[in-house]
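Please read the numbered points with the model open.

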Amino acid sequence: MLKITPKGYEALRRHGEETYPHECCGVLLGRMDDDGARIVTSTARCGNTRTDSPQNRYNIDPRELVRIQREGRERGEDIVGFYHSHPDHPARWSQTDLAEAHWIGCSYVITSVEKGKAAITSSFELAGSDEADKRFDNEKIESA
């Protein structure tokens with residue numbers, strides 16, 4: 001399960017609207033709860049560095065990711081997930097999303113942005129033991 005504040009939930013959805021018709025992307029920071037839930041305490045917007053097809057692909061610059069991870073650790077936060085948008089496409093993961101996901105145990109949140117307006121937001125946990133058997137499992141989002 002992914003637990004996120006209403007403010008954080010709205011921030012990632014709004015980010016998708018602002019970058020439409022391109023995909024947005026960002027990082028979810030927080031901690032693991034005792035029951036295994038990922039608790040999001042802050043979000044970090046990232047720039048989509050894809051120039052070939054930013055309308056249906058995203059990439060986070062590794063240097064930006066390292067900076068976000070370092071700043072989060074200074075606040076006592078770890079990376080617990082990532083988010084991105086699907087402009088005019090469903091909030092379901094694609095084969096590309098799975099191929100480019102590498103943080104096993106993290107949440108991957110996708111917001112469908114239809115004609116510039118955030119619609120459905122879904123979350124998936126990247127499960128498995130390594131790259132060979134990784135998979136996305138549906139995950140409940142709790143925003144309270």
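1. The model is predicted, so local features are reported only at pLDDT of at least 70 and side-chain atom pairs only at pLDDT 80 or more, while totals for chains, interfaces and linings use all residues. Residues are numbered from 1 along each chain as its sequence is written, and side-chain values use heavy atoms, with hydrogens and water left out.

2. An open sheet of eight strands runs in the order 7-6-5-4-2-3-1-8, and its pairing is mixed. Strand 7 (135-139) and strand 8 (141-143) form the edges; each has a single partner strand, so one side of each lacks a neighbour in the sheet. From one strand to the next the twist averages 35 degrees. Strands (E, at least two residues) and helices (H or I, at least four residues) are DSSP runs numbered from the N terminus, and two strands pair if DSSP finds at least two bridges between them. The angles, from 0 to 180 degrees, are taken between N-to-C directions of axes, which are lines fitted to C-alpha atoms, for helices over the stretch in contact.

3. Strand 1 (residues 2-4) and strand 8 run parallel and are joined by three bridges. Within this pair, Leu2 stands opposite Ile141 of strand 8.

4. The peptide bond between Tyr20 and Pro21 is cis, with omega about 15 degrees. Pro21 belongs to the loop between helix 1 (6-19) and strand 2 (25-32).

5. Two residues other than glycine deserve a check for positive phi: Asp88, near 55 degrees, and Lys115, near 50 degrees. Asp88 sits in the loop between strand 4 and helix 3 and is partly exposed at 41% relative accessibility. Lys115 lies in the loop between strand 5 (107-114) and strand 6 (117-127) and is exposed, at 77% relative accessible area. Here buried means under 20% relative accessible area, exposed over 50%, and partly exposed in between (1.4 Å probe, protein chains only).

6. The structure holds zero disulfides, a disulfide being a pair of cysteine sulfur atoms within 2.5 Å. Cys24 is buried, with a relative accessible area of 1%. Cys106 is also in no disulfide, the nearest cysteine sulfur being that of Cys46, 13 Å away; Cys106 is buried at 5% relative accessibility.

7. The largest pocket has a volume of about 260 Å³. Its lining comprises 13 residues, with Tyr58, Asn59, Ile60, Glu100 and His102 nearest the centre. Helix 2 (62-74) and strand 4 (78-87) each supply at least two of the lining residues. A pocket is an open set of points on a 1 Å grid over the protein atoms alone, where a 1.4 Å probe fits and protein lies on both sides within 12 Å along at least five of seven lines; lining residues have an atom within 4 Å of a point. Grid points are joined across faces, edges and corners, and a volume is the space filled by probe spheres set on them.

8. The second largest pocket, of about 190 Å³, is lined by 14 residues, of which Glu23, Asn56, Arg57, His86 and Ser94 lie nearest its centre. Strand 4 and helix 3 (95-99) each give two or more residues to this lining.
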